[in-house]
Amino acid sequence: MPNIKSAAKRVKTSEQNRIKNKGIMTLISTLRNDLYESISTGDSTKSRELFREYFSTVDKAAKKGVIRKTAADRRKSRAALRLATLK
């Protein structure tokens, strides 16, 4: 347990951020899995809709600092490549 007041506050805020970030990462994983599943079934319209939602969520996570910008770009690139195989 921290002895300094500012260190105690950092512990508290770090825990809050961890919980918030975990929720966002779970949402990203869920959207990615749904997207890849719809691509594998061949549903073009649903895949495009999920693709836009996934892109938006990943960009927002990068903007908030949950993931790095390069990680967001990599995830979007991989999703776009998979979507391109649908055509």
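Q: At what angle do α1 and α3 pack, and how far apart are their axes?
A: In this predicted model, α1 and α3 pack at about 15 degrees, and their axes are 10 Å apart.

Q: What makes α1 and α3 roughly parallel to each other?
A: The angle is about 15 degrees, and angles under 35 degrees count as roughly parallel. α1 and α3 are therefore described as roughly parallel to each other. Their crossing is left-handed.

Q: Which residues of α1 and α3 meet?
A: From α1 come Met 25, Ile 28, Arg 32, Leu 35, Tyr 36 and Ile 39, and they meet Arg 75, Arg 78, Ala 79, Arg 82 and Leu 83 of α3.

Q: Now for the other pair: at what angle do α1 and α2 pack?
A: Here the angle is about 155 degrees, with the axes 9 Å apart. That makes α1 roughly antiparallel to α2, since angles over 145 degrees count as roughly antiparallel. The crossing of α1 and α2 is left-handed. Among the α1 residues that make the contact are Ile 24, Leu 27, Leu 31 and Ser 38, while those from α2 include Ser 47, Leu 50, Phe 51 and Tyr 54.

Q: How do you know that the span of helix α2 agrees with its number of residues?
A: Helix α2 takes in residues 44-64, which is 21 residues.

Q: Which residues of α2 are buried?
A: They are Ser 47, Leu 50, Phe 51, Tyr 54, Thr 57, Val 58, Ala 61 and Ala 62.

Q: Why does Ser 47 count as buried?
A: Its relative accessibility is 0%, and buried means under 20%, so Ser 47 counts as buried. This residue is found in helix α2. Leaving out residues up to four places away in sequence, Ser 47 touches Leu 35, Ser 38, Ile 39, Leu 83 and Leu 86.

Q: Why is Lys 76 called buried?
A: The relative accessible area of Lys 76 is 13%, which is under the 20% cut-off, so Lys 76 is classed as buried. Lys 76 sits in helix α3. Apart from neighbours within four places in sequence, Lys 76 is in contact with Phe 55, Val 58, Asp 59 and Lys 69. As for Lys 5, it is 71 residues apart from Lys 76 along the chain, and their C-alpha atoms are separated by 41 Å.

Q: What makes Gly 42 partly exposed?
A: Gly 42 has a relative accessible area of 41%. Buried is under 20% and exposed is over 50%, so Gly 42 falls in between and is called partly exposed. Gly 42 lies in the loop between α1 and α2. Gly 42 and Ala 80 are 38 residues apart in sequence and 15 Å apart in space, C-alpha to C-alpha.

Note on methods
Residues numbered from 1 in each chain as written. Predicted model: local features only at pLDDT ≥ 70, side-chain atom pairs only at ≥ 80, totals over all residues. Heavy atoms only, no water. Helix = DSSP H or I, 4+ residues; strand = E, 2+ residues; numbered from the N terminus. Expected span 1.5 Å × (residues − 1). Buried < 20%, exposed > 50% of the residue type's maximum accessible area, 1.4 Å probe, protein only. Contact = heavy atoms within 4.5 Å. Axes fitted to C-alpha atoms, helices over the stretch in contact; angles between N-to-C directions. Parallel < 35°, antiparallel > 145°, perpendicular 65-115°, else oblique. Left-handed = near helix turned anticlockwise from the far one by under 90°.
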